[in-house]
Amino acid sequence: MKLPKSFSVLFTMILLVVIACSDDDSSPVDNGGGETPTTFNINAVLTKFNAAGLSYEINGNNVIFTTNGLPDHKSPYYLGTEWEADLYEAYNGSNPDFVLNPNRIAEQNITITIPLNPAEAINKEATALGVMGVAVNGVVFYNQYAGPNNQPLTSEINSFDQYLGHPQQMGGYHYHQEPTFLTEKFGSNTFLGLLADGFPVYGPIENGEEVTNADLDEYHGHTSTTADFPDGIYHYHITAEDPYINGNGYFGTPGNITN
């Protein structure tokens, strides 16, 4: 049976549309292993970065944080600084072996570029000594090692103040461990900040239970729902034992860090 001319034209148009769609370059990018990488969006937590000396701006697919690194809590390391009158507090923590290191807190100029849509990296990168992320109060996160040669924190821990931070030689204050000022203020299950790969850092409690290293992967994280990400997201947890914040590297691909 001969089809009407109008039907043949319509069929040809539909066929062309199908062919064009099959050649569309907008399909998800394969990660090289035959699987499409899962991406997330971190817009839900950006407004939680709210502290003096801390700002951020969205630029394309990245969010750029700028921080002066000054802790918004008291510390013995404000001794002898221009902020001493308001922010100095003698050590009153629980470590009987505390020793004040010779460094004092100084203003920094740190910029961290973080992807807005983090995804698991094909090739994982180790965290370097120095800045690896930023907390919601503008203080930066460091990894589980002391300089200059990736030494354990065994001795350095004794110089952590009552909020478990301290300054390095240039006065850059930072956390290697749980930022207790933040977990005491907001809760131990709270969102605390981001690492440079864009994945969130949460406190040591999840669903009412303490998180241990055994609950996490080699990068010190896992994927589950959180109050900020009800659909789930990969995230890091701070724990009481080494490596504290991050394990053997970033789960995602880190952005640029300058300081």
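## Start in the sheet

Select phenylalanine 141 and you will find tyrosine 175 of β9 opposite this residue. Before moving on, note that this is a predicted model, where local features need pLDDT of at least 70, side-chain atom pairs count only at pLDDT 80 or more, and totals for chains, interfaces and linings use all residues. Numbering runs from 1 along each chain as its sequence is written, and side-chain values use heavy atoms, leaving out hydrogens and water.

Now widen the selection to residues 140-141 and 173-175: these are strands β5 and β9, paired in the parallel sense over two bridges. Strands (E, at least two residues) are DSSP runs numbered from the N terminus, and two of them pair if DSSP finds at least two bridges between them.

Next, show the open sheet of eight strands, in the order β8-β9-β5-β4-β10-β11-β15-β14 with mixed pairing. Its edge strands are β8 (165-167) and β14 (221-224), each pairing on one side only.

Most residues other than glycine have a negative phi, and most peptide bonds are trans. Keep that in mind for the next selections.

- Glycine 147 and proline 148: a cis peptide bond joins them, with omega about 0°. Proline 148 sits in the loop between β6 (145-146) and β7 (151-152).
- Asparagine 150: this residue lies in the loop between β6 and β7 and has a positive phi, near 50°. Asparagine 150 is partly exposed, at a relative accessible area of 44% (buried is under 20%, exposed over 50%, partly exposed in between, with a 1.4 Å probe and protein chains only).
- Asparagine 207: look in the loop between β12 (205-206) and β13 (209-210). Phi of asparagine 207 is near 55°, and the residue is exposed, with a relative accessible area of 75%.
- Aspartate 242 and proline 243: the cis bond between them has an omega of about 15°. Proline 243 is in the loop between β15 (233-237) and β16 (257-258).

## Last stop: the largest pocket

Which residues lie nearest the centre of the largest pocket? Select Tyr142, Ala146, Gly147, Glu156 and Gln168, which belong to a lining of 16 residues. A pocket is an open set of points on a 1 Å grid over the protein atoms alone, where a 1.4 Å probe fits, with protein on both sides within 12 Å along at least five of seven lines; lining residues have an atom within 4 Å of a point. Both β6 and β8 give two or more residues to this lining.

Note on methods
Helices (H or I, at least four residues) and strands (E, at least two) are DSSP runs, numbered from the N terminus.
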